[in-house]
Amino acid sequence: NPPTRCDDTTGVWMEHHKVAAIGVNARRWITQHGVAINMDAICMEGFQHIVPCGLVDRKVGYLNQFLSSPQSIPDFLPYLMEALEHVFQMDLVLTPEDEAALYGVLGTAPAVVAPPPN
């Protein structure tokens with residue numbers, strides 16, 4: 001089954017499991033926002049006791065538990081970016097700094113920190 005949005009909840013749901021969330025905060029004229037997507041079982045450490053959105057009949061899940069062909073984060077990222085561009089009617093542009101940070105986080109390119117010279 002494809003991911004769904006439910007009218008009475010926030011997040012992205014697959015078979016009554018919350019696999020993604022978007023958070024927004026505004027305080028003192030400053031906004032913060034973020035996206036969280038649970039891709040693999042490793043993401044689930046510490047989530048066993050969480051009741052997503054206070055809904056006792058639902059659980060937290062991860063995307064790859066519902067896919068016939070599991071996705072890596074680097075493979076999934078272009079689909080996420082395309083969906084965000086479509087929904088928010090905008091073009092995402094990654095700067096070289098953005099790409100370096102993403103590669104470091106995603107492990108798709110070496111993130112090398114050289115030791116300081118003696």
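Predicted model: local features only at pLDDT ≥ 70, side-chain atom pairs only at ≥ 80, totals over all residues.
Visitor: Hello! What order do the elements run in from the N terminus on?
Guide: Welcome! The secondary structure of the protein chain comes to two helices and four strands. Reading from the N terminus on, the order of these elements is β-β-β-β-α-α.

Visitor: How many bridges join strand 2 to strand 3?
Guide: Let's start with the two elements themselves: strand 2 covers residues 17–27, and strand 3 covers residues 30–37. Another is valine 24, whose bridge partner in strand 3 is histidine 33. The two strands pair in the antiparallel sense, and the number of bridges is eight.

Visitor: Which residue takes a positive phi in the hairpin of strand 2 and strand 3?
Guide: This hairpin has two residues between the strands. The positive phi there is near 55°, and the residue that takes it is arginine 28.

Visitor: And which residue takes a positive phi in the hairpin of strand 1 and strand 2?
Guide: Strand 1 spans residues 12–14 and pairs with strand 2 in the antiparallel sense over three bridges. In that pairing, valine 12 has alanine 20 as its bridge partner in strand 2. The hairpin has two residues between the strands, and the positive phi, near 50°, belongs to glutamate 15.

Visitor: Do strand 2 and strand 4 run parallel or antiparallel, and what is the sense?
Guide: Strand 4 is made of residues 59–60, and two bridges join strand 2 to strand 4. You can find the place by looking for histidine 17, which stands opposite lysine 59 in strand 4. The sense in which strand 2 and strand 4 run is parallel.

Visitor: Does histidine 17 count as buried or exposed?
Guide: Histidine 17 lies in strand 2, and it touches Val12, Lys59, Val60, Gly61, Gln65 and Phe66, not counting residues up to four places away in sequence. Its relative accessibility is 19%. The cut-off for the buried class is under 20%, so histidine 17 counts as buried.

Visitor: Which residue has its backbone oxygen 2.8 Å from a polar atom of the side chain of histidine 17?
Guide: Start at the side chain of histidine 17 and look for a backbone oxygen 2.8 Å from one of its polar atoms.

Visitor: How many residues make up the largest nonpolar core?
Guide: Val19 is one of its members. Leaving aside neighbours within four places in sequence, valine 19 is in contact with several residues, including Met14, Leu63 and Phe66. Those three belong to the core too, along with Ala20, Met39 and Phe76, and the core has seven residues in all.

Visitor: Is leucine 92 buried, partly exposed or exposed, and which class is it?
Guide: Leucine 92 lies in the loop between helix 1 (73–88) and helix 2 (96–106). Beyond residues up to four places away in sequence, leucine 92 touches Met81, Leu84 and Glu85. Its relative accessible area is 30%. Because that value falls between the cut-offs of 20% and 50%, leucine 92 is partly exposed.

Visitor: What distance separates the C-alpha atoms of leucine 92 and methionine 81?
Guide: Along the chain, these two residues are eleven residues apart. Met81 is also among the residues that leucine 92 touches. Their C-alpha atoms are separated by 7.1 Å.

Conventions:
Residues numbered from 1 in each chain as written. Heavy atoms only, no water. Buried < 20%, exposed > 50% of the residue type's maximum accessible area, 1.4 Å probe, protein only. Polar contact = N/O pair within 3.5 Å; in protein donor to acceptor, adjacent residues only side chain to side chain. Contact = heavy atoms within 4.5 Å. Core = buried A, V, L, I, M, F, W, Y, C linked by side-chain atoms within 4.5 Å. Pairing = 2+ DSSP bridges.
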